[in-house]
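Here is a brief report on one structure. It covers the sheet, the nonpolar cores and the salt bridges.

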Amino acid sequence: MAALGVVVPLLLGLGLGLGLGHAAPPVVLWHGMGDSCCNPRSMGYIRGLLQRRLPGTYVLSLRIGASVLQDVENSFFMNANDQVREVCGQLAADPHLKGGYNAIGFSQGGQFLRAVAQRCPSPPMLNLISVGGQHQGVFGFPRCPGESSHICDWIRKTLDLGAYTPAVQEHLVQAEYWHDPLREEDYRKSSIFLADINQERGINETYKKNLMALKRFVMVKFLNDTMVDPPISEWFGFYKSGQAKETIPLRETPLYTEDRLGLQEMDKAGKLLFLGVEGEHLQFSEQWFCATILPFLQTLLLTT
């Protein structure tokens with residue numbers, strides 16, 4: 001796994017740091033559960049920060065729905081496959097993105113943007129940065145954020161009652177990346193989103209080819225995360241099958257050893273980066289973001 005202290009100085013040393021005077025490739029943001037495109041304390045702030053630090057760069061913060069309120073609601077109740085399909089349409093119709101773009105997904109936005117990379121190669125995604133994304137899914141919601149806590153209590157009860165029933169799968173986003181290590185067969189058969197993009201029911205060579213086209217796939221794990229269960233899912237690891245105590249890293253999972261998604265080949269080519277940051281889920285400083293994430297958004301200026 002790449003060490004944070006090595007990656008960033010290297011990029012800066014190659015002249016790919018801030019202040020080069022050139023616009024970086026466009027950036028697409030996808031928010032997490034219970035958030036919206038434009039919240040001034042989250043995605044609105046990140047969008048403004050990118051525009052300030054990367055002058056002239058086009059930044060699109062995705063909104064799913066006709067309003068900010070609908071965007072928040074859809075993060076809980078709009079089928080993830082429909083969301084990905086809508087986003088693919090938005091990206092294809094945006095002339096600013098025709099030459100390619102970098103993508104940053106926050107929490108569930110990380111796995112949703114990976115689905116975009118796998119399903120919709122045009123316009124091309126250049127780098128994918130997943131900040132706390134759960135790429136092997138979740139098995140529990142130990143703690144939920146602020147105003148969304150009552151919704152999460154309901155979600156938890158619904159998942160306990162029947163995460164893999166058709167009605168729950170179709171209408172509850174979090175059920176669509178619910179991964180029960182005690183019921184692996186039910187997960188493989190009935191998960192309508194995560195099992196598909198993780199090639200659990202067979203190999204879609206197009207998914208594999210499209211993901212491998214990424215220049216970099218950066219995964220950020222929050223080292224004190226109590227919201228995501230298990231936190232190692234943020235680095236594409238998960239519980240060892242058949243129990244919910246021992247976890248295994250990506251490189252020991254069948255997904256990797258069988259190379260169903262091309263992750264093994266990407267890893268050997270140096271395309272996978274695993275970064276860790278101290279803190280709770282999605283809690284990071286502006287200083288960390290600028291020092292760690294911004295260089296990746298400029299790495300293609302001299303190579304594409």
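## Sheet, cores and salt bridges

At 35% relative accessibility, Lys 240 counts as partly exposed. Buried means under 20% relative accessible area, exposed over 50%, and partly exposed in between, with a 1.4 Å probe and protein chains only. Glu 246 is also partly exposed, at 41% relative accessibility. The side chains of Lys 240 and Glu 246 meet in a salt bridge, 3.2 Å from N to O.

This is a predicted model: local features need pLDDT of at least 70, side-chain atom pairs count only at pLDDT 80 or more, and totals for chains, interfaces and linings use all residues. Residues are numbered from 1 along each chain as its sequence is written, and side-chain values use heavy atoms, with hydrogens and water left out.

**Salt bridges**

A salt bridge here is a side-chain nitrogen of Lys or Arg within 4 Å of a carboxyl oxygen of Asp or Glu. A search of the whole structure finds ten of these salt bridges.

| Pair | Closest N to O |
|---|---|
| Arg 183 and Asp 186 | 2.9 Å |
| Glu 185 and Arg 188 | 3.1 Å |

Arg 183 is partly exposed, with a relative accessible area of 35%. Glu 185 has a relative accessible area of 41% and is partly exposed. Arg 188 is partly exposed at 28%. Glu 185 and Arg 188 are three residues apart in helix H8 (residues 184-190), so about one helical turn separates them. Glu 185, Arg 188 and Lys 189 are linked in a network of salt bridges.

**The sheet**

Helices (H or I, at least four residues) and strands (E, at least two) are DSSP runs, numbered from the N terminus. Two strands pair if DSSP finds at least two bridges between them. Strands of a sheet pair through backbone hydrogen bonds, either parallel or antiparallel.

Six strands form an open sheet in the order E2-E1-E3-E4-E5-E8, with parallel pairing. Strand E2 (59-61) and E8 stand at the edges with a single partner strand each, so one side of each has no neighbour in the sheet. The twist averages 15° from one strand to the next. Angles run from 0 to 180 degrees between N-to-C directions; axes are lines fitted to C-alpha atoms, for helices over the stretch in contact.

Five bridges join strand E4 (residues 125-131) to E5. Leu 128 stands opposite Phe 217 in E5. Helix H4 (residues 80-93) packs on the sheet, touching strand E1 (27-30), E2 and strand E3 (101-106). The direction of H4 makes about 160° with that of E1. Contact means heavy atoms within 4.5 Å.

Six bridges join strand E5 (residues 216-222) to E8. Val 220 stands opposite Leu 275 in E8. Is strand E8 (residues 272-277) largely enclosed or left open? Five of its six residues are buried, so E8 is largely enclosed by the rest of the structure.

**Nonpolar cores**

A nonpolar core is a set of buried Ala, Val, Leu, Ile, Met, Phe, Trp, Tyr and Cys residues joined through side-chain atoms within 4.5 Å. The largest has 61 residues; Trp 30, Leu 91, Val 116, Met 125, Phe 217 and Leu 263 touch the most other members. Leaving aside residues up to four places away in sequence, Leu 263 touches Leu 211, Phe 217, Phe 236, Leu 250, Leu 255, Tyr 256 and Leu 272. A second, separate core has 26 residues, including Val 27, Ile 46, Leu 273 and Leu 294.
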